Amino acid sequence: MLDCTPKGPVDTHKTGTINPIKTCQPLGAMYAALGIHGCLPHSHGSQGCCAYHRMALTRHFRDPAMASSSSFTEGASVFGGAGNLKTSIKNVFAIYNPDIIAVHTTCLSETIGDDLPTIIKQSEIPEGKYVIHANTPSYHGSHITGFSNMCKGIVSYLAESDGNPKKEQLNIFPGFVNPGDMREVQRIVTEMGIPSIMYPDTTDVMDSPLLKTYEMYPSGGAKIEDIRDSGNSKLTLALGAWSSAEAAAILQDKCGVPGVPLKLPIGVKATDALIMAVKDGFGVDVPASLEIERGQVIDTMIDTHFHYQGKTVAVFGDPDLVIALTEFLITLGMIPKYVITGTNGKNFEKIINEMLEEAGIEGSKVKAEGDLFDLHEWIKEESVDLLMGNSHGKYIARAEDIPLVRVGFPISDRAVHPLMPVTGYRGCLRLIEMISNTLLDRRDRDAADEDYELVL
Amino acid sequence: MENTCSQTPEQDALITERQHSIVTTGNTKTSINCTDDSLAGSVSQRACVFCGARVVLNPVTDAVHLVHGPIGCAAYTYDIRGSLSSGSEMYRRSFSTDMKEKDVIFGGEKKLAACLAELAEKHHPPAIFVYSTCVSGMIGDDIVAVCKEASLTYDIDVIPVESSGFISGNKIVGYRAAGEALLRLITPKEGEVIEKTRKLNFLGEYNLGGEKWVVERYLREIGIEINVAFTGDSTVKALKKAPGSCLNIVQCTGSMHWVANQMYEAFGIPYLDVNFFGAENTAESLRKIAAFYDDPEISARTEALIEREMQAVKDVNEKYRKSLEGKRAAIYVGGAFKAFAIIRQLTELGMEIVLTGTQTGKKTEYERMGSLLNEGTVIIDDANPAEIEKFLIEKKVDVMAGGVKERFLAYKLGVGFIDHNHDRKDGLIGFEGAIRFTKEVYATTCSPVWKYVRHEYGETDQ
């Protein structure tokens, strides 16, 4: 496939994007909305967007992603989409009976300038039901921006403070991660004895079990009353600056709940930081169980360090994931040679470069708003030992004969990943397992007969 | 599994509001409502005009396909179709102008022109297709003018595809936009003469899982060459020779009938409808083509091929028929052409079709569909998941054929599933495809996994 990447000196393209490492805002907004219990995400635009987002989510999670569309055609595009949205709200409550509709805009409704707050106010909303919204024009940011915007929408519409002293409970904004990751973060916090409210929470929604009956709204997702009560919590942990920080800031302004920004808890350092934030915030001790888990990770790192120490790695994906992952790879003694995200944000390059500098790693290339074409050109100039990123990386992996560890979104050619965490200490073990074993499989495959060994 | 529907009586009532889009063969007098826009607020399985254009054109392998819009439209169509190539892989790359806010405000023409310049100079493709999207259409970018200028400057075909998503709620409009782009590409320049040949063009064939190559092999065996397919495994150069064919065979009628008609008008090329899905359909189609050539040698070779291949299909079907006979099947696909083929194949296996539907079927097609089915079969136009769920449960469906958005819904309801759309990796065409289809239907319908779904915790027996 990559015979089309021009050979010769590196000269990355200056216009447009070739082979994106991102997609557009509404997908992230749809995913965030699916993390509210009983919510039907609604795409305010033409049908294609909604179909594409549902398809992309379905492919990654291997679960149905339900969402409705305003079904714009030329009329709505010329005269405005207010009529379509009002009709949609009425129909959605009548046909699909959700507790809440989370509307996100698309390029089209943004360009024609539909005023969502006004349209929602003028709509018929049944007693006890909610309609919230987020502005998610696709010509700005990426799916991560859209996820963040819907998180902001959820806080703005639903979180409330009753003014009393804050409860001994923790809010967690998990960032754009798999349900398996959200479950792992919840487990750690529960292990520390702190009640928590996580939203969005796609556990038991996008990794829903197959039980006796099928429910259009699975049992998972953050309950609206819990989201409302998050305004009464003592502390918010915002995991991932790109996907969670702004929502936490709004909650702080609106309800006075202090928000602590953290990295996604991927890797030992970031998981430590999560646990310490809970410890400091609530004055609890770190339980022995977590100490044991951490010890197992360190023990495993020692058992395996010679497999990956000094190996070069190219990492691509969403900024919050890539930042945390890069930190962990440095901890493992690996050399992040190329680090790239499709999402914009100047801080990305600064944060990664600082990490590399601190570790004394020189000669790496870092880029925000890059694409896989850029990455491939870099790799063609100087290859790496390992590639880490989503399924689209498989073509570079094949063309350049580099092993690939799949992590991030979307992963469309492997199963089980949405249920398995890369966060927390268990996530550390899983990542070490994937990285080590991938490199060892490679070594076995390449070994000459006389070098083929039972013990590695 | 005790299949309880997640719907309330009110929802049932609302489904009856769509009653004219849902008919039951034998006892509904009114004909079906279709080709309408979807209800605002429905969870439609339909896509958009851009999607229609993109799927038709994308298999042109050596062209650059540049999506002029914000990143999403290109990202969602980045290498998702499974059309295989015997040469260039250029078409599997995702090129986007990646419009930003300032492009939306000040217009995206400059950015498009800059992208075209860079792509033409660095990648030297023989053609660039430029797809308009909702935003570039809405702000009124004149992609026709930008393409024309780039075409003259770089001396390659730069072809606008007017595929703004909002033009219609039906992707058939996108098929037309793609058809127009193809005609523009293949129409000879003034003074250019395309040599007439005895080869045929294969329209509406996208080489999913190498399907074009299977038919190509059959045709070669009987003595007929394919000139070019529209558009599976095609190149710009090959497409330009299309006017030299003596016959067009049309498989996906939804996307290519219009093109076939235009080619008849412009170049005098007659066309035949064919359908290579299912053994019977394949045999019929080969006979039709052979009859067109009216050559006893071709006919003799055709009959020999059919006899040999039908025996192989028969042997396999007989083996699996025992397990599949009487099982209940549902079909929900993009177009009617595919539905016809699947109905026939499943019926040949002794299965009962209890539900069928499409996203884009036409009235006449639904009428024909009704005539192929037993009384009491539900037919739905533009179904939404709530309806699919309701009927899968009500009709106690064992296996469903559909696309990616239906797959996991079926699984959640304990129903086997066979993809007949974008997520396919192995071709279903021709005799060998029919065999593969039978094996896949068997594998999913009779998988041991369903035992665990349909039983109480701890129970293991049937």
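Let's start with Lys390(B), which is buried because its relative accessible area is 14% (buried means under 20%, exposed over 50% and partly exposed in between, with a 1.4 Å probe and protein chains only). The model you are looking at is predicted, so local features need pLDDT of at least 70 and side-chain atom pairs count only at pLDDT 80 or more, while totals for chains, interfaces and linings use all residues. Residues are numbered from 1 along each chain as its sequence is written, chains are lettered from A and ligands numbered from 1 in the order in which they are written, and side-chain values use heavy atoms, with hydrogens and water left out.

Back to Lys390(B): its side chain meets that of Glu394(B) in a salt bridge, 3.1 Å from N to O (a side-chain nitrogen of Lys or Arg within 4 Å of a carboxyl oxygen of Asp or Glu). Both residues lie in helix 16 (residues 385-394) of chain B, 4 residues apart, about one turn of the helix. Helices (H or I, at least four residues) and strands (E, at least two) are DSSP runs numbered from the N terminus. Glu394(B) counts as partly exposed because its relative accessibility is 47%.

Over all chains, a search of the whole structure finds 45 salt bridges. One of them joins Lys152(A) to Glu246(A), with the closest N and O atoms 2.6 Å apart. This pair links distant parts of the chain, since Lys152(A) sits in helix 7 (residues 143-158) of chain A and Glu246(A) in helix 10 (residues 241-255) of chain A, 94 residues apart. Glu246(A) has 42% relative accessibility and so counts as partly exposed.

In chain B, Glu309(B) and Arg308(B) bring their side chains together in a salt bridge of 2.9 Å, N to O. Here Glu309(B) is buried because its relative accessibility is 17%, and Arg308(B), at 43%, counts as partly exposed. There is also a network of salt bridges, which links Lys22(A), Glu369(A), Asp98(B) and Lys100(B).

Now for charges without such partners. Patches are made of residues with over 30% relative accessible area and no salt bridge, like charges being joined within 9 Å; the place of a charge is NZ of Lys, CZ of Arg, CG of Asp or CD of Glu. In chain B, Lys319(B), Lys322(B), Arg436(B) and Lys439(B) form a positive surface patch. Helix 13 (296-324) and helix 18 (430-445) of chain B each supply at least two residues of this patch. Lys322(B), found in helix 13, counts as exposed because its relative accessibility is 68%.

Chain A has a negative surface patch, formed by Asp449(A), Glu450(A), Asp451(A) and Glu453(A). Asp449(A) lies in the segment after helix 17 (424-446) of chain A and, at 75% relative accessibility, counts as exposed. An unreviewed UniProt entry places "domain: Nitrogenase/oxidoreductase component" at residues 24-439 of chain A; such annotations may be inferred rather than shown by experiment. Over residues 24-439, chain A is 49% helix and 15% strand, with its end C-alpha atoms 33 Å apart.

Glu205(B), in strand 6 (residues 200-205) of chain B, is buried because its relative accessibility is 1%. Between Glu205(B) and Phe230(B) there are 25 residues of sequence separation and 6.0 Å in space, C-alpha to C-alpha. Gln345(B), in helix 14 (residues 336-348) of chain B, is buried at 6% relative accessibility. From Gln345(B) to Asn201(B), 144 residues apart along the chain, the C-alpha separation is 26 Å.

Terms used
Patch = residues over 30% accessible without salt bridge, like charges linked within 9 Å, V, L, I, M, F, W, Y side chains within 5 Å. Areas by Shrake-Rupley, 256 points an atom, 1.4 Å probe, with all protein chains shown as cover. Lys, Arg positive; Asp, Glu negative; His and termini not counted.
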